[in-house]
Amino acid sequence: MKIVVCVKQVAVLGDEVEFTADARDVDPDFLDFALNEWDSYATEEALHIREDLGAEGDEVVVVSVGGAHVEDAMRRCLAMGADRAIRVDHSRPADPITVARLVAPVVQRESPDLVFCGVQSSDGVQAATGTALAELLDLPRVAVVTRIEWDPSAGRATVRRELEGGLLDVTEVDTPALLTIQTGINQPRYANLRAIKQAEQKQIAVVSPAEQGEPAYRVRRMFAPPKGEGAQILAGGPADIARRIREIVEERLK
Amino acid sequence: MIVAEHLRGELRELTRELVTAAQQLSGPVTVAVIARDPTVFDVSFQGVDEIVNVPLGQEEFENDVYQTALEALIADRQPHAVLLGFTVNSMGYGPAVAAKLALGFASDVHGLALEGETVVATRSFYGGKVDAELEFPAERPVLLLVRPTAFAPAADGGNAPATEFAVELPPARARHLEFEEAAMGDVDITTADFLLSVGRGIGDKEAIPRFEQLADKLGAVLSVSRPLVDAGWMPNARQVGQSGKTVKPKVYLALGISGAVQHLAGMKTSDTIIAVNTDPEAAIFNVAHFGAVADLFDVAAELEKLS
Ligand SMILES: Cc1cc2nc3c(=O)[nH]c(=O)nc-3n(C[C@H](O)[C@H](O)[C@H](O)COP(=O)(O)OP(=O)(O)OC[C@H]3O[C@@H](n4cnc5c(N)ncnc54)[C@H](O)[C@@H]3O)c2cc1C
């Protein structure tokens, strides 16, 4: 049994923003990086299934697209317990369809029983890579999954798909399948220090990107969003702010 | 071309918004209705030029079915742009259609314009902190997932002709079995006039009782963002947002909530929004009426002192 988990190292923007000279992206000096929240749930779910059903030789394989620096996020997954990691060496930012094209051949070669992606990345919020990848791999798929009951011998899984308002759609899906994993499906484990140290020693396989075709979009211009009317800023220290909040509340609840 | 959004026999308001979004682009607006009996949904809104009914053997959404239907519609009508809602259903098939047909693609689009022949879409990046204008490959249709509530709903009173469009459907590989309702909670946050809403900024579970007490003291009901429910700190009946409750209290006081699009979807029409966040660039300030760049614990301590 093999589960491939596609993960992303996301960029986190701090308090200040400056743009690159061509104004097509944020200046990388203003970014911090982390494993995408959704992908930590996807990794946990794969590890959980391996532990639950698994036998000798079962594998959880992590795949990511990016330059060498994204290996930090991949090592987080290895420290959680993933067996192997493969990085597609591509350092330019890419749209979700392009990312799907870049990982598809790597996932295909692994011929996994399940493929997991996070529902979305916190920096991109496209919620598209998983579904696009399923198409390229010709796999059945379900997006926004909050529960999985998989019967490998029957070649079927029963999953809960979470819709707007928290309504759950109980769906039966043929496997192999690709599922996009929603937060809350489990409680991702913390890696202990020893596991983190060991993960640092692990070899991450690097593959060259395949032909990816034309991008699905090009960023023409990136800019700070218009503030609209903007929030009226409550000035002063915490005591002043608290007083103003109470005034506003009292007035609005009248 | 837009695809009508419906769930359990009800047309979603978003369908009207998609019509308005489509009007930002050139050309006739076609509404495709994919359902067991598409004629039960009245999509004859102002601005609609044509309705295409795609009858199915089933009522509920399945992504293989929608994908096949949309691909057949695209092949037949050759639209310049296909607009779907940025919804859980669309996430399950829209990107697949775009990948298969090599279309221009973006999701969570909240602005649209036509410059000459070129579609320009605006969407956010980096957790909603920056916006970007996107352009798409020349000579290819675009498929865009449009953010709910970003466009005004189209009004009733159109008179577009309807035609039927038959599609041969494959057996679905992911099949709808049944719906399960979200669990009911002890309180109904949707009826509160004043919500004190806390997010991941409160740090850990031990902080919850403090904010429960503060809510009591202020005469507010406590609500939360999703991560607190995911972590099991609060029941999901308290969750505000796209996958939780949509609320519209007189006052929404948000402490330590960043303002992710799915959170905003559930509260941005509140009468008065007050946000406290240490990050001056937090997206919540874009919808808040009053904002304080401050540590929520300091402000909470001062609110506790007042009475
Ligand atoms: C399909 C789908 C559905 C979703 N549905 C929902 C939903 O219904 N509701 C929902 O909320 N989310 C939903 N989400 C998740 C959403 O994308 C965000 O992950 C979530 O809203 C973030 O919650 P948050 O703002 O509390 O946390 P974060 O984004 O982590 O923000 C925490 C904030 O606290 C601030 N902060 C930290 N410490 C302090 C301090 N001491 N004082 C003041 N401020 C501080 C930080 O600056 C930051 O802005 C959904 C996601 C998906 C993909």
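## Charges over rings

In chain B, the charged end of B:R123 sits over the ring of B:F125, at 4.8 Å from the ring centre. A charge sits over a ring if NZ of Lys or CZ of Arg is within 6 Å of the ring centre and within 35 degrees of the ring normal.

This is a predicted model, in which local features need pLDDT of at least 70 and side-chain atom pairs count only at pLDDT 80 or more, while totals for chains, interfaces and linings use all residues. Residues are numbered from 1 along each chain as its sequence is written, chains are lettered from A and ligands numbered from 1 in the order in which they are written, and side-chain values use heavy atoms, with hydrogens and water left out.

## Aromatic pairs

Over all chains, the structure holds 5 aromatic pairs. Rings of Phe, Tyr and Trp (its six-membered ring) pair if their centres lie within 6.5 Å; planes under 30 degrees apart count as stacked, over 60 as edge-to-face and the rest as tilted. One of the pairs is edge-to-face and is formed by B:Y66 and B:Y93, with 5.4 Å from centre to centre and 70° between the planes. B:Y66 belongs to helix α2 (residues 63–77) of chain B, and B:Y93 to the loop between α3 (88–91) and α4 (94–101) of chain B, so the pair ties together parts that are 27 residues apart in sequence. Helices (H or I, at least four residues) and strands (E, at least two) are DSSP runs, numbered from the N terminus.

Both B:Y66 and B:Y93 are buried. Buried means under 20% relative accessible area, exposed over 50%, and partly exposed in between (1.4 Å probe, protein chains only). Ring pairs also link B:F61 with B:Y66 and B:Y93 into a cluster.

## Chain A as a whole

Chain A contains 6 helices and 13 strands. Its C-alpha trace spans about 65 × 45 × 40 Å along the principal axes. Of the 254 residues in chain A, 55% are buried. Among contacts in chain A between residues at least 6 apart in sequence, 68% join residues at least 24 apart; contact means heavy atoms within 4.5 Å.

## Helix packing within chain A

Two packed helices are described by the angle between their axes and the distance between the axes. Axes are lines fitted to C-alpha atoms, for helices over the stretch in contact, and angles run from 0 to 180 degrees between N-to-C directions. Helix α2 (residues 71–80) and helix α5 (residues 193–201) of chain A pack at an angle of about 125°, their axes being 8 Å apart. α2(A) and α5(A) are therefore oblique to each other; angles under 35 degrees count as roughly parallel, over 145 as roughly antiparallel, 65 to 115 as roughly perpendicular and the rest as oblique. The contact is made by A:R75, A:L78 and A:A79 of α2(A) and by A:A195, A:I196, A:A199 and A:E200 of α5(A).

Helix α3 (residues 96–110) and helix α4 (residues 129–136) of chain A have axes that come within 8 Å and cross at roughly 45°. α3(A) and α4(A) are therefore oblique to each other. Residues of α3(A), including A:V99, A:V103 and A:V107, meet A:T129, A:A132, A:L133 and A:L136 in α4(A).

## Packing between the chains

Helix α6 (residues 238–253) of chain A packs with helix α8 (residues 296–305) of chain B at an angle of about 60°, with the axes 8 Å apart. That makes α6(A) oblique to α8(B). On one side the contact is made by A:P238, A:A239, A:I241, A:A242 and A:I245 of α6(A), and on the other by B:D298, B:V299, B:E302 and B:L303 of α8(B).

## Loop residues

The peptide bond from A:T175 to A:P176 is cis, with omega near 0°. A:P176 is placed in the loop between β9 (168–174) and β10 (177–181) of chain A.

Phi of A:D138 is near 55°, a positive value in a residue other than glycine. A:D138 lies in the loop between α4 and β7 (141–151) of chain A and counts as exposed at 57% relative accessibility. In chain B, phi of B:A102 is near 50°, also positive in a residue other than glycine. B:A102 lies in the loop between α4 and β7 (104–115) of chain B and is partly exposed, with a relative accessible area of 33%.
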